[in-house]
Amino acid sequence: YKELSGVEMAIIKNIEACSELGKTCRTSLGPNGMNKLLINHLDKVFVTSNAGTILGELEVIHPAAKMIVMAAKSQEEEYGDCTNFVLTFAAELLNQAYELLRIGVHPSDIISGYKIAASKSLELLESLVCHKVADMRNEEELTQAIKSVVAAKQYGYEDLLGSLVSEACQIVIPSSPKLPSVNMDHVRLAKLMGGNIHMSSVLKGMVIRRPPASLASKKENAKVAVFGTAIEASQTETKGTVKITSADELKNYNKSEESLLDEQIRGIKESGVDVLISGGSISHMALHFIDKYDMLAVKVSSKFELRRLCRTVGAVPLVRLGPVMPDEMGHCDLVETREIAGGRCVVFQQNDEESAVATVLIRSATTSQLDDVERALSDGVNAVKTLCEDPRLLPGGGACEIGLANIISKIGESRPGLEQYGINRFATALEIVPRILAENAGKDPTEILSNLHAAHKKGDSNMGVDIESGGIADMKEASILDPYVAKHQALRLATDVAITILRVDQLIMSKQAGGPKLPKQ
């Protein structure tokens, strides 16, 4: 075993590793965040400022840094916002702890101070709420609420992308008196190369980005059958040899195969099916009979797409060809072929709100921008889902963090014990968000921070960093708002992971086993 223990060898080594990870992502925080160009082990290139994507592609080996990555990924999956905040704030808490360790403060006192400050911050966060989404079914109000979430990923396009997200969510949010809710799987994102971002649009229904295999191109009020297998003549499971001695035998052999497939497809048509969806290939002979019985056939190669389509139309995927039972069939109000972005696509449109699906068609000239816009829209939909659970909003642009820092520092000054150092350092760590926002915008962070502290002490609790003018502005008036739940969870996660890392005083590593490495799970 290899062992590292004590403050110098274990705690400080862990802090250094986490600090390096924090430095990597801090320049990507906020709307003016810089992009990272990542090349993964498969030589795929990513150009993004999204912390979730950066952490997903980085191969982090250090166990302490891995804990921060896990916390950030948990935030990304749950809320799609404040991912970089978790990473940056946790790294800054550890940096502040390092300063205290250097002057001899014991880790237990730092942890105790951090715990007091964190619990107080979470209590005070509710008092900083500045706005509440009154009506989730109001498209304009929803666009303003998610504007800052989208702007953090695609600055300059926040109004366009925010309105696309709102429009798509209005289709899938159930009408009153039901409570508003968004199922992430009901808002699909289809990337289409070509054109520009302003040509992106919202479509009611699900889009399959390939033309139909059959001649029929439109069916209304259609019954849908989904087959998880290929639609073709059945093959034998074992190899066999057929001995044919005459031309008549060869003719009859082909006819028997044709008549069997004809019988199977006729059985499907007689069940009342109008649209066939195949998870595999569709043979030429099968297509001939599908056209003969005037059915629309679509091939879907992705099993995930097939699963979503089954959920949309309410069908059961079958593994055998033949007549379809009524309870195995799905229903779709309209299945038609449309020309989108110079290519033919099949659209499945449902008017029933229970299975309503909206598709955002993303247009762009490059694959990296398509991927980045997709990530921004996905985070926007996640923010709407979060607002459906809790419509409260906090002021963005570092206003919320400065407000908390002012109150926490006062609490630290009034504490008698050694934990006051931890509480004061927690307040200093909170200032990292407005500081980085100012730095990334190319402004003077010291001047902006002093102006923010002065404004908050006067009672202007909504004042935050204005990256456009280089000064400070009212975040509520500028519609720069953060979802309350996402910020609450991010604060909790960042503090928990920092405290967990500070608690580690010994690293014990076993020798790596010889022989081939185990495959990654």
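Over which ring does the charged end of Arg392 sit, and how far is it from the ring centre?

Author: Happy to walk you through it. The model is predicted, so local features need pLDDT of at least 70 and side-chain atom pairs count only at pLDDT 80 or more, while totals for chains, interfaces and linings use all residues. Residues are numbered from 1 along each chain as its sequence is written, and side-chain values use heavy atoms, with hydrogens and water left out.

To your question: the charged end of Arg392 is placed over the ring of Tyr484, 4.1 Å from its centre. A charge sits over a ring when NZ of Lys or CZ of Arg is within 6 Å of the ring centre and within 35 degrees of the ring normal. Lys487 also lies over a ring face, that of Phe85, at 4.6 Å from the ring centre.

Phe85 leads us to the ring pairs. Rings of Phe, Tyr and Trp (its six-membered ring) pair if their centres lie within 6.5 Å; planes under 30 degrees apart are stacked, over 60 edge-to-face, and the rest tilted. Counted this way, there are three aromatic pairs. One of them is the stacked pair of Phe85 and Phe89, with 5.4 Å from centre to centre and 15 degrees between the planes. Why are these two separated by about one helical turn? They are four residues apart in helix H4 (residues 83–102). Helices here are DSSP runs of H or I with at least four residues, strands are runs of E with at least two, and both are numbered from the N terminus. Phe85 is buried at 5% relative accessible area, and Phe89 is buried too, at 1%. Buried means under 20% relative accessible area, exposed over 50%, and partly exposed in between (1.4 Å probe, protein chains only).

Tyr114 and Phe426 form an edge-to-face pair, 6.0 Å centre to centre with 65 degrees between the planes. Tyr114 belongs to helix H5 (residues 107–124) and Phe426 to helix H13 (residues 419–430), so this pair ties together parts that are 312 residues apart in sequence. Tyr114 and Phe426 are both buried. Ring pairs join Phe85, Phe89, Tyr114 and Phe426 into a cluster.

On a 1 Å grid over the protein atoms alone, a cavity is a set of points where a 1.4 Å probe fits but cannot get out, and lining residues have an atom within 4 Å of a point. Grid points are joined across faces, edges and corners, and a volume is the space filled by probe spheres set on the points. There is one cavity of 30 Å³ or more, and the largest cavity has a volume of about 40 Å³. Its lining is made of Ser19, Gly22, Lys23, Arg26, Thr88, Ala91, Glu92 and Asn95. Helix H1 (6–26) and H4 each give at least two residues to that lining.

Back at Arg392, there is a sheet to see. Strand E14 (residues 392–395) is joined to E4 by two bridges, and these strands run antiparallel. His131 stands opposite Leu393 in E14. Two strands pair if DSSP finds at least two bridges between them. The open sheet has three strands in the order E4-E14-E17, with antiparallel pairing. Strand E4 (131–132) and strand E17 (481–483) stand at the edges with a single partner strand each, so one side of each has no neighbour in the sheet.

Note on methods: On a 1 Å grid over the protein atoms alone, a cavity is a set of points where a 1.4 Å probe fits but cannot get out, and a pocket is an open set with protein on both sides within 12 Å along at least five of seven lines; lining residues have an atom within 4 Å of a point.
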